[in-house]
Amino acid sequence: MNIKKIIKEELDDFDWVRNIEVDTDLTPAQLYNRINDLPHGIVGPYVEKEFGDIKYENGRYYLMMDDFCDFKEWFSDRDNGSQGFYMNQWIFAQAFCGEDNFFEPYSDVVYNWIEQVWELVEENKELYNYVVDYITENLVGDEMRLDNEEKILTLEDVLTWSADSDVLGEVINELDVFEDLKWDLESSYENAYNTFVVDNMYKASKDAITDIVGNGERKDVELYNYYSKSNYNANKLVFDVTNILPDYLYNSIEYCIDNRCKPYWNPEDYDFEDAGETEEEAFEHFCNECMDRPFDEHGSFLSFMKEILEENGDLLNPSVDEYPSNNEVKDYFIENVHGRF
């Protein structure tokens, strides 16, 4: 097949072929070999058929993902050491791939109850009054041990202690009558701490992913199943990868042909199969290992990109702020306290 002739017959402007579909059985690698180009209109339908996560439509390539969990293979498996906290593949999977969407990477984060937990309560007047009201309504009348004696918590006790936030913090921290309240406040702090860290994990990971594929959009799409030969509807995270897929595809094919085949190709030493075989066709037989590159090794763009990231030493491994300050966790803390009691 003379693909150059087909193009010239169908188009006035050669460049237009990048968006005009032309029926051909040639692989992208064969097109590269024959015209040194990968016209979208010819290559697009082929890519869609071979990469199960790509939809080609109106001259553009769309990556179709169920959710961000699908990108976990793009992350490095390096362990975290003393140089900081990084999102590796295991941590990414915990944060993005859990069935219940619940992940708390840290426990026992409270090492000074007064400075960490109570400081957040007393600096917020509304929250402080909320805790005092809770004590008044739910704990007054309960037994407590004070000064080595069994006593009853009275409203007068609460009013006296709550007049000074430092005093109230100390008695909540020390007296058994406040044990459950202290635990609820501490648990709220731990949850807030983890929520901040996990939110940072989400942001750092999504930023690393979208730096490559751009911002995605969740939408209902119609896809084609090449096995059942039927259309079906699905809800997907859709990323327009038109700006990167063609270049990575071209570079992969070029590298394979230029390094594995061309240095060893000499048509004078080649036994042509028949008199009608062209030199182009002969080279493609000689370079058979590259003629379906990269689809011979990858059934998805996701897998193809993982190989590229891995070969370039660019597997994703973004850093995360793992030590939030009280100021950074306070909004999460207040919300959690109100939801807890």
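Helices (H or I, at least four residues) and strands (E, at least two) are taken as DSSP runs and numbered from the N terminus. The structure described here is a predicted model, in which local features need pLDDT of at least 70 and side-chain atom pairs count only at pLDDT 80 or more, while totals for chains, interfaces and linings use all residues. Residues are numbered from 1 along each chain as its sequence is written, and side-chain values use heavy atoms, with hydrogens and water left out.

A look at the whole chain comes first. The protein holds 13 helices and six strands. Its radius of gyration is 32 Å, whereas a compact globule of 341 residues would have a value near 20 Å; this radius is taken over C-alpha atoms, and the globule rule is 2.2 Å times the number of residues to the power 0.38. Along the principal axes, the C-alpha atoms fill a box of roughly 110 × 40 × 35 Å. Buried residues (under 20% relative accessible area, with exposed meaning over 50% and partly exposed in between; 1.4 Å probe, protein chains only) make up 45% of the 341. With contact meaning heavy atoms within 4.5 Å, 64% of the contacts between residues at least 6 apart in sequence join residues at least 24 apart. Charged side chains number 26 positive and 80 negative, and the centres of the two sets lie 7 Å apart. Here Lys and Arg count as positive and Asp and Glu as negative, without His and the chain ends, and each charge is placed at NZ of Lys, CZ of Arg, CG of Asp or CD of Glu.

Within helix α9 (residues 179-213) sits Ser 188. This serine counts as buried because its relative accessible area is 0%. Beyond its neighbours within four places in sequence, Ser 188 touches Phe 333, Asn 336, Val 337 and Arg 340. With Arg 340, the side chain of Ser 188 also makes a polar contact of 3.1 Å, that is, a pair of N or O atoms within 3.5 Å, where within protein one must be able to donate a hydrogen and the other to accept it, and residues adjacent in sequence count only if both atoms are side-chain atoms.

Some loops carry backbone features worth a visit. Asn 58, in the loop between β1 (54-57) and β2 (60-65), is not a glycine, yet has a positive phi of about 50°. At 74% relative accessibility, Asn 58 is exposed. Asn 148 lies in the loop between β3 (143-146) and β4 (149-152) and has a positive phi of about 65°, again without being a glycine. Its relative accessible area of 67% makes Asn 148 exposed. Finally, the loop between α11 (279-286) and α12 (301-311) contains Pro 294, which is joined to Arg 293 by a cis peptide bond with omega of about 0°.
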